[in-house]
Amino acid sequence: MNYRTFEKTGQKVSLLGFGAMRFPTVNGEIEPIQSQKMIDLAYENGVNYYDTAYGYHDGKSQSFLGQALKKYPRDSFFITNKLPIWACDTPEDLERVFQDQLEKCQVTYFDFYLLHALDSEKYAKCEKLGAYDFIKDKQAQGKIKNIGFSFHDTPECLEKICSEHQWDFAQLQINYLDWEYQQAKEQYEILCKYNIPCVVMEPARGGALSNLSGDANQVLLDYAPNQSITSWAMKYVASLPNVLTVLSGMSLEEHVLDNIKTFDEFQPLTDEEQALIQKALTIHKKTSLIPCTECKYCIDCPASVNIPEMFKIYNNYMLSKYKDGFVNARKEKSDCDDSLCIECGACMEKCPQKIAIPQRLKEIGALFQEFTK
């Protein structure tokens, strides 16, 4: 296993971190035998960073992870948890939730502890409730070793959070799609500016980067036929020098084995390999997305269908594979309804990209119906 040094303490942190949010389940419950086997396999192969949260698996991830790690010496692994500010309405709630988390994880302290999923709204609530001072106090008591936050918002919001408090680490969503698409590059650079080590979440974009379109996959397979498509995504973020560990939400034993192989043999990507990833990503976007440029020449639809917006919603889904986001975006806009289309063809006459618009609208509608059955 490849390790990174956590400069604050000099401790070695495995470059692969185990994200305890996607354990295999049976009837909605964590399947204990297979999940324990995955934890054991990771631990035996040098993984020492384990990440859980209050809401993972409806709150059951914490208890399972605590029990799964209990047989190992406490100083042989790092356990990470997060404060769910949305579950707290008073300062007293902070203490209640924290004590509950210690109990469920069967530990007396957390090695790493975060304010969870901060954006501008949640950060404002943290400030109102004194959440930062709360975790600093727990750190002084020895119940938290390192304090940080995870983040989902704009670079401007991240700059504000980094500048207003002292942090030991932070957790960002970084992958080779979001590097530009969701401004991950700017966010990573902000952490570097403030000398804050970065923990990476969603390196494979929730699985979206584990299987690209066929031609895009082939670009990577031709170069390295014995490497998984997922491994390219993992190596992309691990090649960033300020990354402390890369979290993987593994749900199968084969995921653990593949990640162990990737990080046992890890070498930073070469310039040639970086270029191959960009080539594969370009092909993937072209073959998976509707080639709409949002020129809006089709906007004068006789049936008032917002065609560019429908294509945008669909393309966002194809990049993220986030079903709820697709469904919610479609529901929120009454003019993004394929059933309004009268198939008059007026839009196709105006489309510079020669998109078969009525047919593509039907495909989007069919996808929406499938997800809302």
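Visitor: Why is lysine 193 called exposed?

Guide: In this predicted model, lysine 193 has a relative accessible area of 57%, and because exposed means over 50%, lysine 193 counts as exposed.

Visitor: What makes the pair of lysine 193 and glutamate 159 a salt bridge?

Guide: Their side chains meet at 2.8 Å, N to O, and the pair qualifies because the rule asks for a nitrogen of Lys or Arg within 4 Å of a carboxyl oxygen of Asp or Glu. The pair links distant parts of the chain, with lysine 193 in helix H8 and glutamate 159 in helix H6, 34 residues apart.

Visitor: Why is glutamate 159 called partly exposed?

Guide: Glutamate 159 has 24% relative accessibility, and since buried means under 20% and exposed over 50%, a value in between is called partly exposed.

Visitor: How do you know that lysine 71 and aspartate 40 meet in a salt bridge?

Guide: The N to O distance is 3.1 Å, which can be set against the cut-off of within 4 Å. Lysine 71 lies in the loop between helix H2 and strand S7 and aspartate 40 in helix H1, so the pair ties together parts that are 31 residues apart in sequence. Lysine 71 counts as exposed at 53% relative accessibility, whereas aspartate 40 counts as buried at 13%.

Visitor: Why is phenylalanine 149 called buried?

Guide: Phenylalanine 149, in strand S9, has 0% relative accessibility, and because buried means under 20%, phenylalanine 149 counts as buried. Beyond its neighbours within four places in sequence, its contacts include Leu114, Trp167 and Phe169.

Methods
Residues are numbered from 1 along each chain as its sequence is written. This is a predicted model: local features need pLDDT of at least 70, side-chain atom pairs count only at pLDDT 80 or more; totals for chains, interfaces and linings use all residues. Side-chain values use heavy atoms; hydrogens and water are left out. Helices (H or I, at least four residues) and strands (E, at least two) are DSSP runs, numbered from the N terminus. Buried means under 20% relative accessible area, exposed over 50%, partly exposed in between (1.4 Å probe, protein chains only). Contact means heavy atoms within 4.5 Å.
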